[in-house]
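Open the model in your viewer and keep the selection panel at hand. The tour goes one stop at a time.

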Amino acid sequence: SFQAAYLVGCLERRTHIRYNTTHGHTPHVLLSSTMTASIKRNAVTKALTFSILLIAQLILLDRYINNDSDVDVDTDQSNVRGRRRQLSEPLLPFDDVEVTTSAETTDVNANEQRGDDNKSEQLEDEEIETEESKLQKRTRQYLGGLYPKVDSDQMSLYLRDTNELTDEMDELSLRWGEKVDYGDRPFFWHIPKASGSTMKNILNFCFNLKRAENVDGKPSMKLVRDNVVNMDVNSPDGLQHAYENDLVNSGEVDVIVSNYFISGSALFTQQHHGRAFTIMRHPIDLAESLFHYRKKASWEPSYRRDWNTITFAQYVSSDAYMGNWMVHQLTGTMAGETLTVKHLEHAKDVLQRKVFVGIASQMDETMRQLKLYFNWKETQPFCAFNYLHSTPTNTNKHPKMVRGSEQWNLVAEKEKWDLSLYYYALELFSRQRERFPPADRASEGLISIKNVVPDD
């Protein structure tokens, strides 16, 4: 259209063409007075000129309405250089004013709508990512964040089966007169409020075993207390740090003690397998003890000051109560996830194959079996016995429910999977006694002493 207008000027040789876009008016072509006089003097030229002008005007208007961006204009771009619209409409260099037609308005609205839709989709994606990240964080906090290599049964590859080396060890022990060291490391799966604190002291002071516990600022391989290395294996970050620093292969620790079963087992290696054991307590007694402990233990990360305003019955009746912790930990399922018989059976299989079981209400017998299973020798006679009966650690006195009461039955229903696992553990404990019987009647009589269960 610009070329057509220019052609008109060439015909009359004295043509001045300008484009007026003032106040948003549609651009049109104006002729100088000289050109008008010439047209009057030549009727033929006049007719031809107005025909060409009409065609040029129509072409210009048509392209202008349809946002034709392929306009070739030799004009000054200094006022518009570098300016670009955020949307996709063309840049119009008319007196440095951007013109928006009705068609453009429609496109802009459509683009804005698409932009709003894109923002909405982006917000939804961000919300999904936020929910996913929250779930990942909760999962890591609950299960520890590390996952071991597993065998075909989805059990930790570098945890020994409880009876894997028994026959071979017995044969070599008879031949050489002493137990064989395969480089394995004990792994104490510490169930909270089930004699764990007492057991840790026994490991340290009665069997002279070094363990990891972060008690002095930033984790390090420094020995900060008698047989305690300043590494953390009871938090997701601590476990990750211990894994990256190859704690088990470092030679700095003799035993791993962790609340996380699956993530704790991930620390063991082909060079140093783990041999797991635990001490189990009746789930209802454990739940009640843990509730009363957490509401007063201000020094613990799990301290719950708000629980001082509610009773245990109110807590159990609330949605905040998450039961069956042992089955969840052994099967790697999140708290709140619905458990089934399949989960229970897998937890039983893991317990039977991978974990040597102790019972909190039978700590003397538990200790006797553990000493035989691991070939532990006490540094002083009756050292473990004294810790169990004279100086139990981190005890927690509290009122107890009446067995068979409405409240007791309510907890039993919520802990039904852990209760089934606990009763199965009693069976395993009995079988272990057959594998490791008392040496004589005198030692068996010592076991019959009334057990004082350390409530820790």
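Which residue stands opposite threonine 278 in strand 6? Select tryptophan 189: that is the residue opposite threonine 278.

Before moving on, some ground rules. This is a predicted model, where local features need pLDDT of at least 70 and side-chain atom pairs count only at pLDDT 80 or more, while totals for chains, interfaces and linings use all residues. Residues are numbered from 1 along each chain as its sequence is written, and side-chain values use heavy atoms, with hydrogens and water left out.

**The sheet**

Stay with strand 6, residues 274-280. Strands here are DSSP runs (E, at least two residues), and helices are runs of H or I of at least four, both numbered from the N terminus. Two strands count as paired if DSSP finds at least two bridges between them. Arginine 185 faces glycine 274 across this pairing.

Now go to the other side of threonine 278. Its bridge partner in strand 7 is valine 357. Strand 6 and strand 7 also pair in the parallel sense, over five bridges.

**Inside strand 6**

Show the side chains of strand 6. Gly274, Ala276, Thr278 and Met280 point one way, Arg275, Phe277 and Ile279 the other. Buried means under 20% relative accessible area with a 1.4 Å probe, protein chains only.

**Helix 16 and the cores**

Then colour the largest nonpolar core, which has 45 residues. Such a core is a set of buried Ala, Val, Leu, Ile, Met, Phe, Trp, Tyr and Cys residues joined through side-chain atoms within 4.5 Å. Phe261, Met280, Leu351 and Leu421 have the most contacts inside this core. Helix 16 gives the most to it, with seven residues.

Finish on phenylalanine 261. Beyond its neighbours within four places in sequence, its contacts (heavy atoms within 4.5 Å) include Phe187, Trp189, Ala276 and Val355.

Methods
Buried < 20%, exposed > 50% of the residue type's maximum accessible area, 1.4 Å probe, protein only.
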